[in-house]
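Please read it alongside the model shown here.

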Amino acid sequence: MVKHRAMLLVVVLIFAPLVGGSAAIIQKVLPKLGLVSDFPKVVGLPPGSVKPNAPAYSGPHPSTTPRPDETYPFPIPYGETGPAIPLFAGDNQYPFLCQTSDSRLGQPLIDNHHGWGVPVFAKTLAGKRTDQVIGYSKDCLLPTRHHYLYFSKPYDRSAKRQNDHHLGISRDIHLLVRAETGTINRHLYSILIPTTFNDQIDKPDLSRWNGKLIYYFRGGISIGFQQGKMRLTHIAKKMRELLNQGYAVVFSSATETDNTYNIRLQEDTALRLKHQFTSRYGKPKFTIGFGGSGGAIQQFLFSQNHPGIIDGSVAVVAYPDMITQIHYTLDCELLEYYFDHIASDKHFWQSAANRQAVMGLSTNYAQPPRLSWLYRLSQLLNFNWPHPQPPGSECSSGWRGSTALINNPKFHSDGHRFSESVRSNTPWTHWQDNQQVYGTDEEGRAPSLWSNQGVQYGLSALQNDVISAHQFLELNSRIGSWIEPQQMTQERLWYLSMDSDIRRFSPYGEHNMTHRGKIRNLAPRYNGNLEAAKAAYRSGLVFVGALNTPMIDVRMYLDHKLDIHHAFASGSARERIIEAGYDAGNHVIWTAKAPHNPMWNAVQVMDQWLTLRQQSAELRPQEAEDSCFDSSGQVIARGRDVWDGKWNQREIGKCQRQMPFHQSSRQVAGEAISGYTFQCHLIPVSEALAAGLYAPKDMRPYQRQLEQIFPQGVCDFRQGDRARPASL
């Protein structure tokens, strides 16, 4: 059925130009075919939605400042709504897409009759929605409700888990869960707690609760402007392993990065959700954070900015933060386009190894670039023979599409959920989602922080004789950059960008690069907003190594599968912790060969660790040490040196040999694995030559060409980041 629907979708969209374009198809035809959702879209904005001339944040770091006292009298009574305005995270953002109906929780409550937000419709006596609009909702609130979830089938992972008996995990019980849903800070929340049939709404039976709390964080890539979808049964199924063991679980769509990367709002909401839990059920013995990708990022930043929200972390496929991943992520399509289209020696760049030497990220031939089949189809429809298919990379198979989502104010992957007037008046970028941190211009647009001024792409490939001096010079002359976001035009991603003509499809976004997709020597580079980058540090968006609580950084090794959750992210976090002078022993790296995923074991070890710490901060389980595991879960090696390697200038450890770290394009250009740098310190080419930055390669014969390519100078990563405040 899924394959048939996908084929139907492709056929319908190919013929979209004949029936009025992709916008008409998405809004009128596809919902009737059941191919996209038919939920209400945001039709209007309240006054004051645009915030012009807002300054970048210049206050103290959140780790040094107390939070204001709570003003809402928790718990939220059943039938009433939770707080809609954050305690300290600033004004509410608009537009804001309601997703209560997506979550099967019904329509949001009406809060205005002015056409702001999404329409709310009348229902028939049978509960079916009509076309009669009876009001609008801009804040998407729901009353707090009580639910029960009953799992009648025994939970069984025995085929995958052979050591559950040792861990004391029961497999033969049915499960009854007391659940609660509602809204806090406009986002959906849920509380789940195992119970018995003696439970009553006003007299909870907590006999099956072990007294411990799991804060479930979720990941994804988003730019805000939405409430997020929360399916209660999905949360319960994901967490059933832990519910069976007696843990209570809390979740908020605000702390799912598929909805926002606004860390101040996430912290504000997490604090309030814990208030709701403790005021209704009592204070837990401790709280363990659990979540992957963006869900792991939040745990790093909470530990740094506000330790105590969670007491220990199981951070799955983690990065240290989101904002410093953008440095190399926005390099991706620039490099891919250069290799595929404007390099003189395209045959050379058909080699996966040659690409990897410059990109740093993993490459292979086995996995094609994402959407390569669609690009080849568009070339054929333009009567052009397709270019040879390049090898896949983490850039083209993993990160592809994220550049447009993060950086292009014209693009939103769910653009059809907003009216034309709302779409055209909203800059859809990560920068805008954090405008209270980065500031805005006179038109209310937040600036880009990303820079590649002075970055010498492929420097270590040159030094290692993988590329020649000529190739190094051409790469850096032609690669260019991204134009100013406000000058960008819509992406050419077919129906995702509401473009009716597949012949315009391109996954690179080259029309928004400074060379505009043409061979241009000395293509301009881009320098992001320095004050906004400083604000990212000051506001706590950057993890600067201050890990105040224990963490198990756990992942399956996926580098060879071109997954974006590369292993060197663990090394980046570790290096930052060491540089900051914090206890690296609080950061435990566990990595396993697929299909073994040690995340549930990590929860058990973290539970033991926090239990021991209540006796003495020095105590820890034996398993709370850097380790690697084979595909069946057996320990390959364990110890403080097992992940050592080139990244920290030490002899290669046993785990590093089995599951090596790759690099980012910025590491290849000379940056350390810590990967902070928003804007490097620039030095003249003559000074770089004298300092031996190109050694062992002698680039003195090419000084004139280098000075033409880098008239402002080249990056000297030894001096650190220009954006980093001295106090940090």
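1. Cys332 is buried, at a relative accessible area of 3%, where buried means under 20% relative accessible area, with a 1.4 Å probe and protein chains only. Cys395 likewise counts as buried, at 2% relative accessibility. The model is a predicted one, in which local features need pLDDT of at least 70, side-chain atom pairs count only at pLDDT 80 or more, and totals for chains, interfaces and linings use all residues. Residues are numbered from 1 along each chain as its sequence is written, and side-chain values use heavy atoms, with hydrogens and water left out.

2. Cys332 and Cys395 are joined by a disulfide with an S to S distance of 2.1 Å; the term denotes a pair of cysteine sulfur atoms within 2.5 Å. This pair connects distant parts of the chain, from Cys332 in helix H9 to Cys395 in helix H12 (residues 394–399), 63 residues apart. The torsion about its S-S bond is about -65°, so the disulfide is left-handed.

3. By this rule the count is four disulfides.

4. Cys680 is buried, with a relative accessible area of 7%, and Cys715 is buried at 5%.

5. Helix H9 (residues 332–342), which holds Cys332, packs against helix H18 (residues 469–478) at about 115°, with the axes 10 Å apart. Axes here are lines fitted to C-alpha atoms over the stretch in contact, and angles run from 0 to 180 degrees between N-to-C directions. H9 is therefore roughly perpendicular to H18, a term covering 65 to 115 degrees. Leu335, Tyr338 and Ile342 in H9 meet Gln471, Glu474, Leu475 and Arg478 in H18, contact being heavy atoms within 4.5 Å.

6. Helix H6 (residues 263–281) and helix H7 (residues 294–305) pack at about 75°, their axes 11 Å apart. H6 is thus roughly perpendicular to H7. Ile263, Gln266, Glu267 and Ala270 in H6 meet Gln298, Leu301, Phe302 and Asn305 in H7.

Conventions. Helices (H or I, at least four residues) and strands (E, at least two) are DSSP runs, numbered from the N terminus. Angles under 35 degrees count as roughly parallel, over 145 as roughly antiparallel, 65 to 115 as roughly perpendicular and the rest as oblique. Buried means under 20% relative accessible area, exposed over 50%, partly exposed in between (1.4 Å probe, protein chains only).
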